[in-house]
Amino acid sequence: MALTFDTLAEVALSRDLLRRWWGLELGLLAANGDGYDRTSHATCDTLMKVPNGLCAGSMREAAALAAKTKGAIVHRCHAGLTIVAAAVRGGAGKVANEAPAMAAVPPQLDDTALARICDLVNAAAAACERAQPAIIPPTTWTHPFNEIVGDAPAVREVVKLLTKVVKSEATVLVHGESGTGKELIARAIHYHGPRGKKPFVVQNCSAFNDNLLESALFGHQRGAFTGAVKDQKGLFETADGGTFFLDEIGDMSAALQVKLLRVLQEGTFMPVGGTKPVRVDVRIVAASHKDLQTMVQHKQFREDLFYRVNVLKITVPPLRERVADIPRLVNHFLKKHTPNGTPPRLSAGALARIVAYPWPGNIRELENEIERMLVLAAGATELTASMVSTRVAGAAIAPPRPLRDVVDIAEADAIVHALGRHVGDRDAAAAELGISPAYLDARRGALGLRSE
């Protein structure tokens, strides 16, 4: 079902102001000149019905000019009438079938009036454009790592380094904020490298206390501690021949750092309670959101272990440094979490709010937001701006404006809405606003609001 632009608040307000102040009508014209079903002048109502008429040609010409311009354009037609047009870039829409015959004599518009009309038309066009489904352009950039989505310059640098890293057997340190996809990088290193058919084991070093983590990593012998009723292999032994991803290695205690260093240097370790060393062949990929080099300087991380794990370093960029990838990531998550059927489209308004948010939780937080929106959509074909969480939507910061402009805009809005509610009755509007009619007139003049 085509979108009805008449339901948009900005369109309704712009149309109302154009009618009240200048006796003009707001309409929607297709790029090819078709579809205009409103009139701004009685003469146009007749001549627009002639397929090859000059009015139809003027409308098409105005539409073509607007499509090439970022803002609204002012176009004079053959009859001396003024057409103000702004492009809506996106899909097709429809408007209600309403074409009232306006005054037969067109209003005379000065430059100030034209500037304000352009602002209103621009606002209506921008609202229509935001309501269109978001258009996510395809990328022509390809790489072998299907796990990694995006083509921002920072991502391209990571992929460029990965193509070299996967060919080696060296230890890798992956650094990046929480939620940036460090484990994704580790999986790419493993599955695209020479150990791809061997085990890939993951352990978060901050998940357990020292004793439990030591037992998980190196295993234990029966009777090593209370509850150890049988021999248990550790994760290093499980990962033999493959890759072991040690996440948040910066949270590992000094005692465990020593045991890890021995594995890296000699390829052996001692199970808890054991007396015989176990030999393994494991490639280590370590990750941390902390700056390990700074931790070394503060004696919080062993220097010798740091140099062992920091043979090859990959820094994963935070999402705020790859904003251009957000639309593509959103599209990826929509498909991922709609495995059966066609995923809903995302409106441009929703995308604008998502892009404006700084994403401190990075890609993990973005994926959670998209999952939440899909649940709220409940099978709808479009995810709208209203479905974006208040946390994300509230962080969209408007471009800075001088305080005087902010006050003037708020005051003008209050006056216009009050006059609209009272159908132009200045006394009633002034009473609602708590000011005198004379002061209302003075402020309207200062703010450039016409008395009509």
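Reader: How many salt bridges does the count come to in this structure?

Author: The count comes to 18 salt bridges, taking a side-chain nitrogen of Lys or Arg within 4 Å of a carboxyl oxygen of Asp or Glu. A quick word on ground rules: this is a predicted model, with local features needing pLDDT of at least 70 and side-chain atom pairs pLDDT 80 or more, while totals for chains, interfaces and linings use all residues. Residues are numbered from 1 along each chain as its sequence is written, and side-chain values use heavy atoms, leaving out hydrogens and water.

Now to your spot. R195 and D281 join their side chains in a salt bridge, 2.9 Å from N to O. This pair ties together distant parts of the chain, 86 residues apart: R195 sits in the loop between α6 (182–191) and β6 (200–204), and D281 in the loop between β9 (278–279) and β10 (283–288). Those helices (H or I, at least four residues) and strands (E, at least two) are DSSP runs, numbered from the N terminus.

R195 also lines the largest cavity, along with S168, E169, I189, H190, G193, P194, T243 and R283. A cavity here is a set of points on a 1 Å grid where a 1.4 Å probe fits but cannot get out, and lining residues have an atom within 4 Å of a point. The largest cavity holds about 40 Å³, as filled by probe spheres set on the points, and there are 3 cavities of 30 Å³ or more. Its lining splits into 2 nonpolar, 4 polar and 3 charged residues; Ala, Val, Leu, Ile, Met, Phe, Trp, Tyr, Cys and Pro count as nonpolar, Asp, Glu, Lys and Arg as charged, and the others, Gly among them, as polar.

A385 and S347 are 38 residues apart in sequence, yet their C-alphas are 7.0 Å apart.

How values were computed:
1 Å grid on protein atoms, 1.4 Å probe; cavity = no way out; pocket = protein on both sides within 12 Å on 5 of 7 lines; lining within 4 Å.
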